[in-house]
Amino acid sequence: MSKGKKQLLATAGIFLLLALTVLICYLIFTKKDNPNLLYDDNATVGVLPGIDMDERRKELQDALDRSMIAFSINTSPVFLNGTSKGNLLIENPGNNAKLLKVNIMIDDTEEEVYASNYLKPGTYIDSVALDKVLEKGTYNATAYFSAYDEADGTYIGQTGAKITITVQN
Amino acid sequence: MKKKLLFLQLVLMVSLLFSTVSYAADADSSRDIPIGGSGQMEMVGNIEPTILSVTMPTFVPFNISNSLSTQNKVISPRIKMKNNSNIPVRIDVAYTKVDLSKLKNVSWSDTGTVNANQIAIGLKQEEALDEMPTSLSQTRWLKSNQQQDMNVLMLGANQEDALYVVGTLGQNVSDSGTFNVTPTFVVGQVSTAK
């Protein structure tokens, strides 16, 4: 193909592309609403606030993250007898930023055998006597950790841990 | 001269004898066992308590809506559970408090199958990182206001995993109402928990 023909084809191609672009722009920007329909003036362009799933999920995630607590406890505390102290080893870690209260319930009888007062973040209970005197034996129990807002004491929620209490004599 | 030598020998012998006795006494007092000798060594063993240490939520907020196109109608946060201890643990739902009093003519379904006026909510282990489940398969359904002790997650030592709230509701259940579902998570050592 001669050089002149190539130039002619290239020029024609460019004109064709320009013409197509102009046509597409015309169709897009001159599109009119149907004059027979009455559109509501109160309508706002966009997605209804609160319906955006990602936004809603982020709000829920923030609420859940605020309720997270860390805690530690001895899974098998031992008491020499029903009135002596035992190694419960309950901890409210410093990074919790929540107050914790601990209640221990015997699983079979649902009897509460221990209730702590508030534990500040960064504190722990090493050994303590139970509030109820237990006979010699082994007891399956659940320690419930209740979380409270550190600033105003508002109740946040509760979680639990299974433990086994042993009373030796 | 002989007497002097004899005296020196005696002094040397006495000093050697004394040093042997004092060495033996010293060895006995520190309870070291001399090589080639015999003795008693006390071995003291302490049983270290098994500490359970976890990070988990105390409150699980969620939204449910029939407008979601997926089988799962719940918008759920990622419920992170972390085992900070050196023992494997299991996470159970011990009890779920359900309050539907603000919804008229709506009841609870324990099975995940709902009629037009029912709601069912459950928990599902995360399958893909940070992605809410779209289906309801493998869901552990929460039972209303009764002891359940249902396992929802197993965590190895120092392992982290996540759950999502999932659920469905009947077509007659109003989208504008609110209700409360409060599961109590209980963590236990794998070998001793139920």
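Let's start at the interface: 19 residue pairs, both members at pLDDT 80 or more, are in polar contact across chain A and chain B. A polar contact here is a pair of N or O atoms within 3.5 Å; within protein, one must be able to donate a hydrogen and the other to accept it, and residues adjacent in sequence count only if both atoms are side-chain atoms.

A word on the ground rules. This is a predicted model, where local features need pLDDT of at least 70 and side-chain atom pairs count only at pLDDT 80 or more, while totals for chains, interfaces and linings use all residues. Residues are numbered from 1 along each chain as its sequence is written, chains are lettered from A and ligands numbered from 1 in the order in which they are written, and side-chain values use heavy atoms, with hydrogens and water left out.

Back to the interface. Which parts of chain A touch chain B? Helix 2 (53-66), strand 1 (68-74), strand 9 (137-149) and strand 10 (155-167) of chain A each supply at least two residues. Helices (H or I, at least four residues) and strands (E, at least two) are DSSP runs, numbered from the N terminus. Helix 2 of chain A gives the most to this side, with eight residues. By type, the residues on this side of chain A are 14 nonpolar, eleven polar and four charged. Nonpolar covers Ala, Val, Leu, Ile, Met, Phe, Trp, Tyr, Cys and Pro; charged covers Asp, Glu, Lys and Arg; the others, Gly among them, are polar.

How many residues does each chain bring to the contact? Chain A brings 29 and chain B brings 34. Contact means heavy atoms within 4.5 Å.

Now the area. The size of an interface is often given as the accessible area lost when the parts come together. Between chain A and chain B about 2700 Å² is buried, and carbon and sulfur atoms give 59% of that. A:Arg57, A:Leu60 and A:Lys162 supply 23% of the area that chain A buries against chain B, more than any other three residues. Buried area is the accessible area (1.4 Å probe) that two parts lose on being put together, summed over both.

Strands cross the boundary too. Strand 1 of chain A pairs with strand 1 (residues 51-57) of chain B, antiparallel, over seven bridges. Two strands pair if DSSP finds at least two bridges between them. One example: A:Ser72 has B:Ser53 as its bridge partner.

Next, charges. Side chains of opposite charge can pair when their charged atoms come close. We call it a salt bridge when a side-chain nitrogen of Lys or Arg is within 4 Å of a carboxyl oxygen of Asp or Glu.

For us, buried means under 20% relative accessible area, exposed over 50%, partly exposed in between (1.4 Å probe, protein chains only).

Inside chain A, A:Lys132 and A:Glu111 form a salt bridge, with their closest N and O atoms 3.9 Å apart. This pair links distant parts of the chain, 21 residues apart. A:Lys132 sits in the loop between strand 8 (128-129) and strand 9, A:Glu111 in the loop between strand 5 (98-106) and strand 6 (112-115).

Inside chain B, B:Glu127 and B:Lys124 form a salt bridge at 3.8 Å. B:Glu127 is exposed at 60% relative accessibility. B:Lys124 is buried at 2%.

Last stop: strand 7 (residues 118-125) of chain B. Why is this strand largely enclosed by the rest of the structure? Because seven of its eight residues are buried. And its partners? Strand 6 (residues 107-108) of chain B runs parallel to strand 7, joined by two bridges. There, B:Trp108 stands opposite B:Ile119. Strand 10 (residues 160-169) of chain B pairs antiparallel with strand 7 over seven bridges, and B:Ile121 stands opposite B:Gly167. Strand 8 (residues 140-141) of chain B is antiparallel to strand 7, with two bridges. B:Leu123 stands opposite B:Arg140 there.
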